[in-house]
Amino acid sequence: NREGEVLWKKDLGKMHTKHGHGEGASPALHGNTIVVNWDHEGDSFLAAFNTSNGLQRWRVERNEVTSWSTPVITTVDGEPQVIVCGTDKIRGYRLLNGQVIWECGGMSANIVATPLVSDGILYAGSSYEKRILMAIRLAEAQGDITETEHVLWSRFRGTPYVPSPLIYKDALYFLTHYQNVLTRINAKTGTDSPGAFRLGPLTNIYASPVAANGNLYITDLDGQTLVMTATEIPRALSLNPIGEPVSASLAVVGSLILIRGAKHLHCIGER
């Protein structure tokens, strides 16, 4: 049905982003709460709204500059937390009221990649004027946990800038900056498994890697999707161009793959 009515809307003001790149972070949804991160060159904030009527639940100031990283919401110590990456700190907030529970420094400027959580561990990376990828144990994190035992490991080479990392079957995958170099490591230890390798036929990459049915799918800016096995030594299976540029990450829905190109939305599946 293409018809409908607008139930509610919110004007959050004009976002003044660094370099004029515009908005990039998506809202994060948990139950009947939607969270929006508004990091820019003005007064930055994090806000939560009721999904049914748009009423603001809370709003907290953030001492941050422009970022394009989407918040993640996960349950820690029995309650939902909103985790947001920023140039100054990664922070965990109470979903209930926006109170900061913990924070951790070490990221670069221009945060783009969205962090991910698996088995109680947060994986967050950035690459701009410096490179960093960290694994952070979330259980019992309180206050400033920078350089404490909560930071399980850190890496300083080949870290992601635009594409977000991917965790699949205990392995963590991430692209170098936005180049065609993929690194596979052991997610728990941060050690190479087997490490970095070049994705020969691909050009630069903005889309985040995705995984499904034992395979990896990596799409470059030219619209080519490289399909690889999600094994310790990934093996290329096929290269699939769609004939137009792609910046957005692929979406996997059941047995279908959706690819948003510059001009068309493509649905890939068996006939």
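Two strands count as paired here if DSSP finds at least two bridges between them, and strands themselves are DSSP runs (E, at least two residues), numbered from the N terminus. By that rule, β8 is joined to β12 (residues 143–144) by 2 bridges, with the two strands running parallel. This is a predicted model, so keep the thresholds in mind: local features need pLDDT of at least 70, side-chain atom pairs count only at pLDDT 80 or more, and totals for chains, interfaces and linings use all residues. Residues are numbered from 1 along each chain as its sequence is written, and side-chain values use heavy atoms, with hydrogens and water left out.

**Strand pairing around β8**

- On its other pairing, β8 (residues 100–104) runs antiparallel to β7 (residues 90–94), and 4 bridges join them.
- R91 has E103 as its bridge partner in β8.
- E103 also stands opposite D144 in β12.
- The hairpin of β7 and β8 has 5 residues between the strands, and G98 takes a positive phi there, near 80°.

**Salt bridges**

- The count comes to 9 salt bridges, where one means a side-chain nitrogen of Lys or Arg within 4 Å of a carboxyl oxygen of Asp or Glu.
- As a bit of background, side chains of opposite charge can pair when their charged atoms come close.
- D39 and R62 make one of these, with the closest N and O atoms 2.8 Å apart. That pair links distant parts of the chain: D39 is in the loop between β2 (33–38) and β3 (44–50), while R62 is in strand β4 (residues 56–62), 23 residues apart.
- Both D39 and R62 are buried; the scale is relative accessible area, with buried under 20%, exposed over 50% and partly exposed in between (1.4 Å probe, protein chains only).
- R91 turns up again here, meeting the side chain of D88 in a salt bridge (3.1 Å, N to O). R91 counts as buried because its relative accessibility is 7%, whereas D88 is partly exposed at 36%.
- R137 forms a salt bridge with E149, and the closest N and O atoms are 3.9 Å apart. The partners come from distant parts of the chain, 12 residues apart, with R137 in strand β11 (residues 131–137) and E149 in the loop between β12 and β13 (151–155).
- R137 is partly exposed with a relative accessible area of 26%, and E149 is exposed at 64%.
- A network of salt bridges links E64, D88, K89, R91 and E103.

**Cysteines**

- There are 0 disulfides in the structure, a disulfide being a pair of cysteine sulfur atoms within 2.5 Å.
- The closest cysteine sulfur to that of C85 is in C104, and at 9.6 Å the two are too far apart for a bond.
- C85 is buried, with a relative accessible area of 1%, and C104 is buried with a relative accessible area of 1%.

- The largest pocket has a volume of about 770 Å³. Among its 26 lining residues, G24, V162, Y206, S247 and S249 are the closest to its centre.
- For the method: on a 1 Å grid over the protein atoms alone, a pocket is an open set of points where a 1.4 Å probe fits, with protein on both sides within 12 Å along at least five of seven lines, and lining residues have an atom within 4 Å of a point. Points are joined across faces, edges and corners, and a volume is the space filled by probe spheres set on them.
- By class, that lining has 14 nonpolar, 10 polar and 2 charged residues. Ala, Val, Leu, Ile, Met, Phe, Trp, Tyr, Cys and Pro count as nonpolar, Asp, Glu, Lys and Arg as charged, and the others, Gly among them, as polar.
- The second largest pocket holds about 170 Å³ of space. It is lined by 14 residues, and E23, A25, V36, N37 and W38 are the closest to its centre.
- The lining of the second largest pocket divides into 7 nonpolar, 5 polar and 2 charged residues.

- Most residues other than glycine have a negative phi, and most peptide bonds are trans.
- S193 and P194 are joined by a cis peptide bond, with omega about 5°; P194 is found in strand β17 (residues 192–198).
- D77 is not a glycine, yet its phi is positive, near 50°. D77 sits in the loop between β5 (72–76) and β6 (79–84) and counts as exposed at 52% relative accessibility.
- H177 has a positive phi of about 50° although it is not a glycine, and its place is the loop between β15 (171–175) and β16 (181–186).
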